[in-house]
Amino acid sequence: MTQASTSDPQLDVVVIGAGFAGLYALYKLRDGLGLRTRVFEAGDGVGGTWYWNRYPGARCDSESYIYSYSFSRELEQEWLWSSKYPEQPEILRYLDHVADRFDLRRDIVLGARVRSAHYDDAVPCWRIETERGERVSARFLVTAVGCLSAANVPQIPGLDRFEGRWVHTGQWPAEGVDFAEKRVGLIGTGSTGIQATPRIAAVARQLTVFQRTPNYTIPARNRALTAADWDEIKAIYPEIRQRARDGRAGFPFTLAGERALDFSEEERNSVYEALWQEGGFKFLYASFGDILRDKAANETASEFVRQKIRAIVKDPEIARRLCPTDHPYGSKRPPIDSDYFQTYNRENVTLVDLRESPLVEITATGIRTQDAEHPVDLIVFATGFDAMTGSLLRMDVRGSDGRRLADAWEAGPKTYLGLQTAGFPNLFTITGPGSPSVLVNMPVAIEQHVDWIADCIAHMGRSGLTRIEARPDAQDAWVEHVNAAARETLFYEAKSWYLGCNIPGKPEVFMPYVGGQAAYRDRCDAVARADYAGFALRP
Ligand code: NA7
């Protein structure tokens, strides 16, 4: 790293990442506070998740009109989403539009993956270096690296010998992938595999889906948004945004409070049926209040979905394999789909159950499980991400006294409010582990974090403070609170990426905060009002 120079620090803030979070952070810090801010982005374009995840069927699972920024009334009134759940190209167009509309590009360096970020106690400042060798110093470092950005390509023996092509859904080639006449093997049945399966099956000669864990999924029931829909939404947009901000999960609809078992089976099923017909996340959030807390209550929802699978999938043996029985509905991130189960009725689709016949190796021409070799020309890894911590730990981040973030988080991530880690002064992690993040409609979580961080930096400026760091005792108490909150739910009943279980050797720690976005926001605001209680601030 460079030696201290008289011009250090060169910048006020470096932001890492130009997705939803990084773009808003730049706008807020540069245009709102007048800070010298620069963004480093690994991709050759802005958009983050929506830049990388170009696989067929990629779309967001939150409704478009709330999966968007609320910071600009003008933007909100101008932009028209085509449908309830738009596809990746439209979301990327939106983020490109935001970058242009707010003149953000001049402070974004593209194609610049950050290799290291070291805190220099002597100046003090953060020293950031990219893989291409750019070096810069800044007073503050803000990570906007996304919770699901570090692609996980499992170590399966033989992949290097495979003569066909393979791709990971989270690193999809911009020019697309041609499936026509191909025999495709798709590994993974999370949200991504579930979105991609029907689309690949529609064009490929043969699609073989390799399933390790069957998944519950609810129909999205996507539809075009009409002019009448937009008139209605725009008339009350501020109110919708407020409801989303006040909501537990960042959605504007009312969450259910009643207990499932207080109703008869018939009453319950009519609630589930109405939500199944409506589609989307409401099935989880607006059915009954104890679905994620009470196993027996959850089983009523889980069994309802299993019955739907049996009714949709014509072959009873395939339906059996598709029915999840090893974890409660919602304990893994619940996908929503467009004709996922229906796709298994197609002649050109095969389901391989890796629990019955585990994956052994990839050969030159196919995928071999314990009892068969499946010839494929192309392999799609829909195998997810090293979630929440992966993108942060793949960089060499060192705090005060050269302490490595990888060491500080050896036993799992430790943060105060998901915003800071003790020993790493002036480093803020947008939607970091220990914050509601992935359990919430992400733009709501992102805007709350960026606003809080900006207010904090502004407060420091007004008060002549230059250094902020989470106090170890406050951090320990928060980590304990995050764990205790999760223990009251069914989230420990599944081997999920929330717990790090999808990455071999990753510590099993529940990473997001389940306490709800509204309560979390109140907590962060209360901390700020109490002179940033739990943080050590210094002149
Ligand atoms: P997920 O939800 O992590 O799903 C990954 C899938 O890949 C899941 O079915 C995994 O099975 C499977 N997987 C992972 N590793 C392997 C190996 N080694 N062998 C076989 N199968 C494997 O990732 P997604 O991309 O679908 O979704 C990520 C998030 O993006 C999503 O939740 C939304 O928030 C958006 P497992 O269940 O672990 O047995």
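In which loop is Asp 401 found? Asp 401 sits in the loop that runs between β17 (396-398) and α14 (405-408). This residue has a positive phi of about 60° although it is not a glycine. Like everything described here, that value is computed from a predicted model.

Pro 124 lies between β4 (114-120) and β5 (125-130). The peptide bond that leads from Val 123 to Pro 124 is cis, and its omega is near -10°.

The next topic is how two helices pack. In general, a pair of packed helices is described by the angle between the axes and by the distance between the axes. Helix α8 covers residues 265-278 and helix α10 covers residues 295-312. They pack at an angle of about 55°, and their axes are 11 Å apart. An angle between 35 and 65 degrees counts as oblique, and α8 and α10 are therefore oblique to each other. The crossing of α8 past α10 is right-handed.

Which residues make up this contact between α8 and α10? On the α8 side they are Arg 268, Asn 269, Tyr 272, Glu 273, Trp 276 and Gln 277. On the α10 side they are Ala 297, Thr 300, Ala 301, Phe 304, Val 305, Lys 308 and Ile 312. Sorted by class, the residues of this contact are seven nonpolar, three polar and three charged.

Three helices, α7 (237-246), α15 (442-463) and α17 (517-529), each supply at least two residues of the lining. Among the contributors to this pocket, α15 gives the most, with seven residues. The lining of the second largest pocket divides into 10 nonpolar, three polar and eight charged residues.

How many cavities of 30 Å³ or more does the structure hold? There are five cavities of that volume. The largest cavity has a volume of about 90 Å³. Its lining consists of Pro 413, Thr 415, Pro 433, Gly 434, Trp 478, Val 479, Val 482, Asn 483, Val 509, Phe 510 and Met 511. Eight residues in the lining of the largest cavity are nonpolar, three are polar and none is charged. By contrast, the lining of the second largest pocket includes eight charged residues.

Methods: Residues are numbered from 1 along each chain as its sequence is written. This is a predicted model: local features need pLDDT of at least 70, side-chain atom pairs count only at pLDDT 80 or more; totals for chains, interfaces and linings use all residues. Side-chain values use heavy atoms; hydrogens and water are left out. On a 1 Å grid over the protein atoms alone, a cavity is a set of points where a 1.4 Å probe fits but cannot get out, and a pocket is an open set with protein on both sides within 12 Å along at least five of seven lines; lining residues have an atom within 4 Å of a point. Grid points are joined across faces, edges and corners, and a volume is the space filled by probe spheres set on the points. Ala, Val, Leu, Ile, Met, Phe, Trp, Tyr, Cys and Pro count as nonpolar, Asp, Glu, Lys and Arg as charged, and the others, Gly among them, as polar. Axes are lines fitted to C-alpha atoms, for helices over the stretch in contact, and angles run from 0 to 180 degrees between N-to-C directions. Helices (H or I, at least four residues) and strands (E, at least two) are DSSP runs, numbered from the N terminus. Angles under 35 degrees count as roughly parallel, over 145 as roughly antiparallel, 65 to 115 as roughly perpendicular and the rest as oblique. A crossing is left-handed if the near helix is turned anticlockwise from the far one by less than a right angle, and right-handed if clockwise. Contact means heavy atoms within 4.5 Å.
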